[in-house]
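Subject: Structure for your review

Dear colleague,

Please find below the structure that I am handing over to you. My notes on what was found in it follow directly after.

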Amino acid sequence: MVTFQLERTAPLSLDEAWRRLTEWHRHGDVVPLTRVTVLTPPPTRVGTVFVARSGLGPFAFADRMEVTSWYPPAEDEPGLCRLEKRGRVVLGWAEIEVRPGPGGRTRVIWREELRVRLLPALCDPLLRTASRRVFGRAVNRLLRRP
């Protein structure tokens, strides 16, 4: 199991940063070899379920996630979303938080606990490094794309 946290500051309003980070299908546009399918009707709320399918052919796996907390930002109040990962391969949780940052910008905090079934703890340092890199790039791209 690995845990990590990413922090970014973006020249966006809280609402816009929130929208860019929580439109789930957009994640498939920025994570290589990944397609995201939302299984529940909009709008996103507690109970929304989506699946990120990553990989190629027989080496692909599904990362099933459910929204368990949904507090969009309001005025200058922070927003927080928590996802529980409930796939056959990937387990854990992720939290996406947006809060007022310096100079009218938005501070984004992404926290994650990630477990991959059958992956020995010996691989945790590599998993942590790879996860931080992949999710860090994804967050950067999501925040940059309208």
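Phe 4, Trp 110 and Phe 135 are joined into a cluster by ring pairs. Here the rings of Phe, Tyr and Trp (its six-membered ring) pair if their centres lie within 6.5 Å; planes under 30 degrees apart count as stacked, over 60 as edge-to-face and the rest as tilted. Please note that this is a predicted model, in which local features need pLDDT of at least 70 and side-chain atom pairs count only at pLDDT 80 or more, while totals for chains, interfaces and linings use all residues. Residues are numbered from 1 along each chain as its sequence is written, and side-chain values use heavy atoms, with hydrogens and water left out.

Over the whole structure, the search finds 4 aromatic pairs. One of them is stacked: Trp 24 and Phe 50 lie 4.6 Å apart from centre to centre, with 10° between their planes. This pair links distant parts of the chain, 26 residues apart, since Trp 24 sits in the loop between helix H1 (14–22) and helix H2 (25–30) and Phe 50 in strand E3 (residues 49–54). Helices (H or I, at least four residues) and strands (E, at least two) are DSSP runs, numbered from the N terminus. The cut-offs are under 20% relative accessible area for buried and over 50% for exposed, with partly exposed in between (1.4 Å probe, protein chains only).

I turn next to the pockets. Rolling a probe the size of a water molecule over the atoms shows where empty space is left. On a 1 Å grid over the protein atoms alone, a pocket is an open set of points with protein on both sides within 12 Å along at least five of seven lines, whereas a cavity is a set where a 1.4 Å probe fits but cannot get out; lining residues have an atom within 4 Å of a point. The largest pocket has a volume of about 620 Å³, where grid points are joined across faces, edges and corners and the volume is the space filled by probe spheres set on the points. It is lined by 30 residues, of which Ser 54, Phe 61, Asp 63, Val 134 and Phe 135 are the closest to its centre. Which element supplies the largest share of this lining? Helix H3 does, with 7 residues. By class, the lining has 22 nonpolar, 5 polar and 3 charged residues. Ala, Val, Leu, Ile, Met, Phe, Trp, Tyr, Cys and Pro count as nonpolar, Asp, Glu, Lys and Arg as charged, and the others, Gly among them, as polar.

Helix H3 deserves a separate paragraph. Among the buried residues of H3 are Leu 127, Ser 131, Phe 135, Ala 138 and Leu 142. An α-helix has 3.6 residues a turn, so residues three or four places apart point the same way. The buried residues of H3 pack against strand E1 (2–10), H1, H2 and E7. Leu 143, found in helix H3, is buried at a relative accessible area of 9%. Leaving aside neighbours within four places in sequence, Leu 143 is in contact (heavy atoms within 4.5 Å) with residues including Arg 8, Ala 17 and Val 108.

The buried residues of H1 include Leu 14, Trp 18 and Leu 21. The buried residues of H1 pack against H2, E4, E5, E6, E7 and H3.

Finally, several loops hold points of interest in the backbone. The peptide bond from Pro 42 to Pro 43 is cis, with omega near 0°, and Pro 43 is placed in the loop between E2 and E3. Leu 33, in the loop between H2 and E2, has a phi near 55°, a positive value in a residue other than glycine. Leu 33 is exposed, with a relative accessible area of 52%. Leu 118 also is not a glycine, yet has a positive phi of about 70°. Leu 118 lies in the loop between E7 and H3 and counts as exposed at 87% relative accessibility.

Yours sincerely
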